[in-house]
Number of protein chains: 2
Amino acid sequence: MNIIKFYQYICNELELDYFITVIPKMVVMETMYETLLKMPLFQGLGEDEITKIVGKVKLHFQKYKAGSVILRSGDPCNELTFLLKGEIMLESTDKDNNFVLKEFQSAPDLVGFYSLFGIKTCYFSTYTAETDVDVVSIDKSFILTELDKHDIFRLNFRNILSNRLQQFHDRLWQFTYSCLETKIVDFLLARCEKPYGKKQLKIKMEDFAAIIGETRLSVSKCLNQLEKDGLVILRRTEVEIPDLNLLKLWKEKFLMTFSHNKEIVNE
Amino acid sequence: MNIIKFYQYICNELELDYFITVIPKMVVMETMYETLLKMPLFQGLGEDEITKIVGKVKLHFQKYKAGSVILRSGDPCNELTFLLKGEIMLESTDKDNNFVLKEFQSAPDLVGFYSLFGIKTCYFSTYTAETDVDVVSIDKSFILTELDKHDIFRLNFRNILSNRLQQFHDRLWQFTYSCLETKIVDFLLARCEKPYGKKQLKIKMEDFAAIIGETRLSVSKCLNQLEKDGLVILRRTEVEIPDLNLLKLWKEKFLMTFSHNKEIVNE
């Protein structure tokens, strides 16, 4: 068969090292590259433009083992980072060090992109590889000199920034304080980058109670009920939320019942 | 004198109409134009670039009498609007129609710019001329075809979007619920575009109490104390805040005393 002959030929012609390191690396890079081009930031770019971009922009492909830090809170954001494969953990701390919020983000996604421009160009969260991950980054200088030349890239980037801005605006407007249950959900919704997925909140029960302006006992009771309903998992100084979206839906249902009951009382 | 001769000459050569309408209009446009170019979005553009832009982009200069609506909530945002002179009022309503929040914005400033791109391209607020105002708008199509060709414009716009995004992110993280006083301030800070300046909140006291999860009586007491301190002015179904920044500073001072007292109690 021709394919066998082809391999016999290249086996004779090429070093063994080529098969062990170079080809696998090429295959990996090719896959990473395909994922990259499927991301919203590049959607709509023609093959010509992509070829032009790749010819001029240096892409830093990197692999991180589970547990290693990818980007650190407070470090300057000088590159645009794409999560291509695997899952990462975002760790954010409030300014008084009362709590640590952990979020989990899956590929493909942009990482910390809103620190690239504007006044605050340092990462707000620390990003750690939760599983083994593939990441690619592009230096800010290439964004300015090369990528920005492409109308579609510019428009995509501006749309992504505007979308996030509109999401944050909506959240600020949707804030309620009406009761303990919704305060717990809103506390999380205000601070999480994504309003869905697994979250872990490392906090002392008395600090949590103080932050949301309730007693330690009532917060504890409420969280225990939420645990019974399968919406949170309680550990020592930690509340895990398996999926924030489920908790959000629960809040909406709760508010509906709440206002319904209020109407009955008022009648 | 030469200047008199010059005016005699043009008086003879030109129609009277020219002096009554054309020249004043030219002077007004020139002033508006100068203000426009001083705005952050155009900062750093060279004279050459500005001349190029003005040659290709149609600028809609408009004057509005006090009281007239400039842009309406829900209308599609198809233009970038600059407030060049005067003061406008932003009117925003929550989705349940429980309250109306009025903010006052002074020239020079951008108006509703974060509705131009992204998914939600309708104005969130209604913008009304509070005094007589001068406004200029540029069609979205010119942004895409002409202004975007200039590196500095693109960078300025992206920086403005990123700054606002970072401000909103900070506000979401600074949210506290610890006590009644801070809740009132945070309620406003969450929803106001600018964290300073005069605001008017049209709301029934019982709705306000329900939204921030307090009793009608305690909210009323607190607002009366704030009025005595000169931070708010109470009217029927309206709370006026002469300057939100003063209320914000008061909140910070209040929180410091609050945590100081807590420490004394804990000792």
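## Close-up views of a predicted two-chain model

**View 1. Contact of helices α6 and α8 in chain B.** In this predicted model, B:Leu180, B:Glu181 and B:Ile184 of α6(B) meet B:Ser218, B:Val219, B:Cys222 and B:Leu223 of α8(B). By class, the residues of this contact between α6(B) and α8(B) comprise 5 nonpolar, 1 polar and 1 charged. The axes of α6(B) and of helix α8 (residues 216–228) of chain B come within 10 Å and cross at roughly 80°. Because angles of 65 to 115 degrees count as roughly perpendicular, α6(B) and α8(B) are described as roughly perpendicular to each other.

**View 2. Contact of helices α6 and α8 in chain A.** Helix α6 (residues 180–191) and helix α8 (residues 216–228) of chain A have axes that come within 10 Å and cross at roughly 80°, and α6(A) and α8(A) are therefore roughly perpendicular to each other. On the side of α6(A) the contact is made by A:Leu180, A:Glu181 and A:Ile184, and on the side of α8(A) by A:Ser218, A:Val219, A:Cys222 and A:Leu223. The residues that form this contact of α6(A) with α8(A) divide into 5 nonpolar, 1 polar and 1 charged.

**View 3. Interface between chain B and chain A.** Here 47 residues of chain B are in contact with 47 residues of chain A. The area buried between the two chains is about 4,500 Å², and carbon and sulfur atoms give 63% of that area. Between chain B and chain A there are 20 residue pairs in polar contact, with both residues of each pair at pLDDT 80 or more. The elements that give two or more residues to the side of chain B that touches chain A are β4 (87–93), β5 (99–106), α4 (140–145), α5 (151–174), α6 (180–191) and α7 (205–211) of chain B. Of these, α5(B) gives the most, with 18 residues. Sorted by class, the side of chain B that touches chain A has 22 nonpolar, 13 polar and 12 charged residues.

**View 4. A salt bridge across the interface.** Side chains of opposite charge can pair when their charged atoms come close. In this view B:Lys120 forms a salt bridge with A:Asp170, and the closest N and O atoms of the pair are 2.4 Å apart. The count of salt bridges between chain B and chain A is 6.

**View 5. A salt bridge between two loops of chain A.** The structure holds 32 salt bridges over all chains, and one of them is formed by A:Asp132 with A:Lys65, whose closest N and O atoms are 3.5 Å apart. The pair links distant parts of the chain, with A:Asp132 in the loop between β7 (126–129) and β8 (133–139) of chain A and A:Lys65 in the loop between β1 (59–64) and β2 (69–71) of chain A, 67 residues apart.

**View 6. Cis peptide bonds in chains A and B.** In chain A the peptide bond from A:Ala107 to A:Pro108 is cis, with omega near -10°, and A:Pro108 lies in the loop between β5 (99–106) and β6 (109–111) of that chain. In chain B the peptide bond from B:Ala107 to B:Pro108 is cis, with omega near -5°, and B:Pro108 is placed in the loop between β5 and β6 (109–111) of chain B.

**View 7. A positive phi angle in chain A.** A:Thr237, a residue other than glycine, has a positive phi, near 50°. A:Thr237 lies in the loop between β10 (233–235) and β11 (238–241) of chain A.

Definitions and conventions. Residues are numbered from 1 along each chain as its sequence is written. Chains are lettered from A and ligands numbered from 1 in the order in which they are written. This is a predicted model: local features need pLDDT of at least 70, side-chain atom pairs count only at pLDDT 80 or more; totals for chains, interfaces and linings use all residues. Side-chain values use heavy atoms; hydrogens and water are left out. Contact means heavy atoms within 4.5 Å. Buried area is the accessible area (1.4 Å probe) that two parts lose on being put together, summed over both. A salt bridge is a side-chain nitrogen of Lys or Arg within 4 Å of a carboxyl oxygen of Asp or Glu. A polar contact is a pair of N or O atoms within 3.5 Å; within protein, one must be able to donate a hydrogen and the other to accept it, and residues adjacent in sequence count only if both atoms are side-chain atoms. Helices (H or I, at least four residues) and strands (E, at least two) are DSSP runs, numbered from the N terminus. Ala, Val, Leu, Ile, Met, Phe, Trp, Tyr, Cys and Pro count as nonpolar, Asp, Glu, Lys and Arg as charged, and the others, Gly among them, as polar. Axes are lines fitted to C-alpha atoms, for helices over the stretch in contact, and angles run from 0 to 180 degrees between N-to-C directions. Angles under 35 degrees count as roughly parallel, over 145 as roughly antiparallel, 65 to 115 as roughly perpendicular and the rest as oblique.
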